[in-house]
Every structure is written in structure tokens, then in C-alpha cells.
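Have a look at the structure first, then read on.

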Amino acid sequence: MTEVPSPQLRISDQERESALTALGEHMSAGRIDIEEYGERSARITAARTRGELAEMFADLPAPHPAYGGVPAAVAAPAAVPEAAASPSGEVAAARPGWSAAQRLAAGLLPLFWIAAIALTATHGLWILLAAPIVLTIIGRSLWGDHFDNRNHRDRHREHRLDHRDRRREMRDDYRRRRLD
């Protein structure tokens, strides 16, 4: 484990969020399961010092939380595609397996929509809206599997449920402390 600067210092909300983000990356990488993620995230939300926060990452490789402006150590990706390294490669970074034609279509389609809406609004040519609609349908039929990714929806559902459970635990903890 890396050296934690000033383990007795109290942590901020930003450091707590950094720890939760790093923990989420470990869960998505498969190093911890959803139950362990829930347990550790509850401990992170209850942590008060940097030392307590660091204990949650003692058995995990990078990334770790960032402490007070000190950047978190980030694990190097296995392979970075060329398109993901380009400044305008936002779509390519999101879908590194896309071909050049897919990236081009994904980049131009929003421009077609904007142009069609602008021309329709200024000239009243409603038929122009058909062009981006047809292009969207064609693109979706050719490369549409990415938009119906059930795993992606399931991860979001689990994430929402985890937040709900974490809020419930925090509320119960707060009530217990108030009663003590």
C-alpha cells in the first residue's frame, strides 16, 4: 500500500467521493463483488480520517482515493487505442472497438440533426427532418447492439440500489448516534 499523507487528518466530502469512485472501479474490474462493495462503501461513508479510508484499500491495487489535492494513483490501462488518445476521440474512447466509419457516423449524426432542425425552423422545410431520422435508423440497424446493452442498464440499477442502501445505512447510523 502507498504511504497515506497524515493518516490522522479528517477527510473531506471530496476525498470520500474519490474513495467511492476508486472503489467502484475495483468493483467494475471484478476485484470485489457487489456485497463487498456495499460493505466497504458503507465504511467509507462512515470514515472520518485518512487512515480509516486507507484501510479500505490496503488489499487493493491502484486506483486509490486522492487526498487533499494529491492525485490518485491510477492503474495503467491494458491497451489504449490510438483513437482514444486523440483530443477529439471522445466517442472513440467510449467505444474503442468502433471502426472509422462508425466513429464518423457517430460524430456527424448530431450535426445532421442540428442542421435539419435549424433549416426546418428557418425555412419550414419539414421534409428535411426525414434525413437525420433515416440516418439514425440506418446507423442503429448497422451498429445498434451497443445501445441496448443490458449489462449497462443492470450496472446502473445496481448502482442506484447501492446508493439507496447507503443512504438508509447513513440515516440509521445518524439516528443511532442521536439516540446515544
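Is S12 buried, partly exposed or exposed? Keep in mind that this is a predicted model. S12 counts as partly exposed because its relative accessible area is 32%, which falls between the 20% limit for buried and the 50% limit for exposed. As for where S12 sits, look at the segment before α1. In sequence, S12 and G68 are 56 residues apart, yet their C-alpha atoms lie 8.2 Å from each other in space.

Next up, the nonpolar core. The largest one has 15 residues, and L23, I44, L53 and F57 have the most contacts inside it. Two or more residues come from each of α1 (13–28), α2 (34–46) and α3 (50–55), with α1 giving the most, at 4 residues. In general, nonpolar side chains tend to be buried together in soluble globular proteins.

Leaving out residues up to four places away in sequence, L23 touches I32, Y37, R40, S41, I44, F57 and L60.

Now for the second largest pocket, which holds about 300 Å³ of space. Its lining is made of 16 residues, and those nearest the centre are T45, A46, M170, D173 and R177. Helices α1, α2 and α8 (150–179) each supply at least two lining residues, and α8 gives the most, with 7 residues. Here is that lining, split by class:

| Class in the pocket lining | Count |
|---|---|
| Nonpolar | 6 residues |
| Polar | 1 residue |

Methods: Residues are numbered from 1 along each chain as its sequence is written. This is a predicted model: local features need pLDDT of at least 70, side-chain atom pairs count only at pLDDT 80 or more; totals for chains, interfaces and linings use all residues. Side-chain values use heavy atoms; hydrogens and water are left out. A nonpolar core is a set of buried Ala, Val, Leu, Ile, Met, Phe, Trp, Tyr and Cys residues joined through side-chain atoms within 4.5 Å. Buried means under 20% relative accessible area, exposed over 50%, partly exposed in between (1.4 Å probe, protein chains only). Contact means heavy atoms within 4.5 Å. On a 1 Å grid over the protein atoms alone, a cavity is a set of points where a 1.4 Å probe fits but cannot get out, and a pocket is an open set with protein on both sides within 12 Å along at least five of seven lines; lining residues have an atom within 4 Å of a point. Grid points are joined across faces, edges and corners, and a volume is the space filled by probe spheres set on the points. Ala, Val, Leu, Ile, Met, Phe, Trp, Tyr, Cys and Pro count as nonpolar, Asp, Glu, Lys and Arg as charged, and the others, Gly among them, as polar.
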